[in-house]
Amino acid sequence: MEFIETKTILQKAKHGDEWFGIDYNMNLYKGCCHKCIYCDSRSNCYQIENFDEVRAKKDEIEILNQELRNKRKKGIIGIGAMSDTYNPFEKQYELTKKALELISHYKFGVSIETKSNLIVRDINLFDEINRKADVILKFTITSADDNLSKKIEPNVCVSSERLKAMKQLSKYGLFVGTLLTPIIPFITDSEENIKNVIRLSYENGAKFVFSMGGVTLRENQREYFFRQLDKLFPKLKEKYIKIYDNNYFCYTQNKNLGKVFKEECEKYGLLYKMSDIVKAYKKEIKEDEQLSFI
């Protein structure tokens, strides 16, 4: 694996309140080898060349140690937004594990999103961090069907394996949940799939399910997505072009899906509003503060 030069590891989150209440962003790896057909991180605006090639940042643990030591404000560090921090190279290099050890030492909190069951390896570290700060762990689960999951997310463990990992983390008392995002029109936006993902999330210890109701497509990512549609779902590309043209966000055409999503979450007592999810996992919020499903 190539190691690239970097000056900083932590970046202040610009819209942290809108994304699980994080204060800082951190990506230990650049690029991703999961090859999910819908990944927004391929978009030109992020300027990640050779996106399928995973690279790490030179001396990043030493840089992170210095940055955490010098931060006056503690907070939640978001990991995995641009590149899954539990990619296959993590087994050998353990950069995420070393970063979590520092996060624990300096008493910061952590917010992770992943598609990998490798996250279970660090369960003791999450437990340790959780005793001092806030922890929220999110699994992206787009399909309840493993065969479809393998199709649209080919180089990562299938949904059932992620759910097993979620259950293990939940048993430790960690705050876990599902990112049901993206919802891909004509592929994963059936009511049956949404109901099954929510039910399985509940059965495996999720406290929440969060969704945005569609998929993002912008320059470069759109072209990649269309190429995958041609291979996997023939003639669906033409349907996208006709309905969505060059729209950035492609909402599901199933007008009833939002209602189904809310009703199913409420049926199982799962949070789904961002503000309520943040209130529920952050320790500084009083335990008796009312959470709203409105």
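Lysine 279 is partly exposed in this predicted model, because its relative accessible area comes out at 30%, and a residue needs to be under 20% to be called buried or over 50% to be called exposed. You'll find Lysine 279 in helix H11, which covers residues 274-281. Now look for leucine 257: it sits 22 residues away from lysine 279 in sequence, and the two C-alpha atoms are 26 Å apart in space.

Next, the sheet. Seven strands make up an open sheet with mixed pairing, and you can trace them in the order S2-S3-S6-S7-S8-S9-S10. The edges are strand S2 (10-12) and strand S10 (208-210), each of which pairs on one side only. Going from strand to neighbouring strand, the average turn is 25°, with direction ignored.

Zoom in on one pair in that order, S8 and S9. Strand S8 (residues 135-140) and strand S9 (residues 176-179) run parallel, joined by four bridges. If you want one spot to look at, take lysine 138, whose bridge partner in S9 is glycine 177. In general, strands of a sheet pair through backbone hydrogen bonds, either parallel or antiparallel.

Finally, the nonpolar side chains. The largest nonpolar core has 56 residues, and the members touching the most others are Met26, Leu100 and Phe126. Helix H3 (residues 95-105) gives this core its largest share, five residues. Leaving out residues up to four places away in sequence, phenylalanine 126 touches Tyr86, Leu100, Val110, Ile112, Ile119, Val135, Leu137, Leu169 and Leu174. There is also a second, separate core of 17 residues, with Leu148, Ile184, Phe233 and Tyr244 among them.

Key. Residues numbered from 1 in each chain as written. Predicted model: local features only at pLDDT ≥ 70, side-chain atom pairs only at ≥ 80, totals over all residues. Heavy atoms only, no water. Core = buried A, V, L, I, M, F, W, Y, C linked by side-chain atoms within 4.5 Å. Buried < 20%, exposed > 50% of the residue type's maximum accessible area, 1.4 Å probe, protein only. Helix = DSSP H or I, 4+ residues; strand = E, 2+ residues; numbered from the N terminus. Contact = heavy atoms within 4.5 Å. Pairing = 2+ DSSP bridges. Axes fitted to C-alpha atoms, helices over the stretch in contact; angles between N-to-C directions.
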